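Below is a note on the model, written as numbered points. Confidence comes first, then the overall make-up, then selected elements.

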Amino acid sequence: ADATGETLRTPIVAVLGHVDHGKTSLLDRIRGSTVIEGEAGAITQHIGATAVPLETVSEIAGSLVDPTDFDLPGLLFIDTPGHHSFSTLRSRGGALADIAILVIDVNDGFQPQTIEAIDILQRTETPFVVAANKVDTTPGWNPQENTPIQQSYDAQSDRARSTLDERLYDLIGDLSDHDFSADMYWRVQNFANNVGVVPVSAETGEGVPDLLTVLMGLSQRYLKDAMAIDVDGPGAGTVLEVKEQKGFGTAIDVVLYDGTVTADDTIVVGGTGDPIVTDVRALLQPRPLAEIRTEKRFEEVDSVTAAAGLKIAAPDLDDAMAGAPVRVLGNREREDVVTEVEAELAALGVTTEEQGVVVKADTLGSLEALADAFGEAEIPIVRAEVGDVAPRDVTVASTADEERHETVIAFSVDVLDDAADRADTEGVRIFESDVIYRLVEEYEEFIEERER
Ligand code: GTP
Ligand code: MG
């Protein structure tokens, strides 16, 4: 800490992109572990946080990074499954993701979840770089394990080079169609106005040194002021997930972006009902370079300082909500902090109309993203809630004024059996998907067909 009591925290880097474009593989490459092998079907089921200290960044980046150029302590990566959980990671107060990597498979190009991710990045004004992944799949590619991309590029045949060039230019074109002026990262002068594209391979490690260098450089240049926090202040974070933790009862996975939380603290957590005020039972943390998700043996710690991913076990967390704020009470008034949490939750909420469809989603963030998409399509929402589709949701839908509103939109949630039964008898349509676009499209198609 300097004279003002402020310390620079680790920037939080969200990794997002379409399913199978290589987000987890890229993080694996960076942390040198094999999380992917432990995943069922190599699909990310949960969100994890991985801290990568500056020394590791500079080890991987080699000659590209001189650690003495940086005073940020490293990078905290957040892997996201497919697309939708990133919106959970947004937080009005804390801007949870400081910066992002948008992973795009160079062969596959822009896909629905790429577009959703880009919309979120645009809406939240989160700076990002594009990792143009899987360059090793270019026909005739001659892999150069872990080298900087230009060195690897120079080692390729003319034919491989021009195939890759073509794919990269298509990608830059797609970005420009979405109003982002983009270029290869080494040609970008001003990262505030231009998106840098870094060709990489999670498989061979080519370009990974460049990616880390660009991320460190961007963070240092544009985020340094925002990274100055009072480490001794009361901790503030966002709930990523609520789940059972063996021996501890219900616990929350949290990304802490400000201050400190200790094992003796009282915390206020946003929930489906009133904010939960509870005493920390245990703080659990994975070791550095370990993945919160696969690390079975957590270390019980006395305190954790931002930025970090941790588990907090405490009584009464059953109604805690993914995407909701977590605040350490500290020596502040209980009512003040409860009001603060309520206000932040309200800001995250969705405005509803007198008439419209019923919307259910798995997290606050996804509910918000869904409401945005429906708002844009001018489809009104009468009720928007986090949770599975229950019979009462069907009842609300069945009492709609117009037939077109007798609908429940279910995003990444289950439809309870008795709700499905009731929907059958009441003639209520339920649309289910894990892709926001698809829900909008399916609903619109349904309306069109009905009106024909
Ligand atoms: P979700 O978590 O499901 O959204 O996918 P993801 O983006 O995390 O993708 P993941 O890392 O699981 O990779 C998907 C598949 O692509 C796996 O079979 C990887 O081995 C493969 N893959 C990832 N990166 C590369 C790469 O650079 N080159 C090649 N050849 N294959 C890759
Ligand atoms: Mg993954």
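1. Residues 39-43 stay under 50 in pLDDT, and the model gives them four contacts beyond four places in sequence. Here pLDDT is the predictor's confidence in each residue, from 0 to 100, and two residues are in contact if their C-beta atoms, placed from the backbone, lie within 7 Å. Residues 90-94 also stay under 50, with 15 contacts beyond four places in sequence.

2. This is a predicted model, in which local features need pLDDT of at least 70, side-chain atom pairs count only at pLDDT 80 or more, and totals for chains, interfaces and linings use all residues. Residues are numbered from 1 along each chain as its sequence is written, while chains are lettered from A and ligands numbered from 1 in the order in which they are written. The mean pLDDT of the protein is 87, with 89% of its residues at 70 or more. The scores are ipTM 0.99 and pTM 0.81.

3. The protein has twelve helices and 23 strands; these are DSSP runs numbered from the N terminus, helices (H or I) of at least four residues and strands (E) of at least two. Of its 452 residues, 46% are buried. A residue is buried if 20 or more other C-beta atoms lie within 10 Å of its own, exposed if 12 or fewer, and partly exposed in between, with C-beta atoms placed from the backbone. Among contacts between residues at least 6 apart in sequence, 74% join residues at least 24 apart.

4. The largest nonpolar core contains 115 residues, and Val 13, Leu 102, Val 129 and Val 198 have the most contacts inside it. Helix H7 (residues 208-223) supplies the largest share of this core, seven residues. Such a core is a set of buried Ala, Val, Leu, Ile, Met, Phe, Trp, Tyr and Cys residues joined through C-beta atoms within 7 Å.

5. Strand E4 (residues 74-79) is largely enclosed by the rest of the structure, because six of its six residues are buried. Gly 74, Leu 76 and Ile 78 lie on one side and Leu 75, Phe 77 and Asp 79 on the other, so that both faces are covered. E4 pairs in the parallel sense with strand E2 (residues 12-17) over four bridges; strands pair if DSSP finds at least two bridges between them. Val 15 stands opposite Asp 79 in E4.

6. An open sheet of four strands runs in the order E21-E20-E22-E23, with parallel pairing. Its edge strands, E21 (381-386) and E23 (429-433), each pair on one side only. Strand E20 (residues 357-361) pairs with E21 over five bridges, and Val 359 has Ala 384 as its bridge partner in E21.

7. Helix H4 (residues 112-124) has 13 residues and reaches 18 Å from its first C-alpha to its last, close to the expected 18 Å; the expected span is 1.5 Å times one less than the number of residues. Its buried residues are Gln 113, Thr 114, Glu 116, Ala 117, Ile 118, Ile 120 and Leu 121. Just after H4, Glu 125 takes a positive phi of about 50 degrees.

8. Asn 194 is in the loop between strand E7 (182-184) and strand E8 (195-199). Asn 194 counts as partly exposed because it has 16 C-beta neighbours inside 10 Å.
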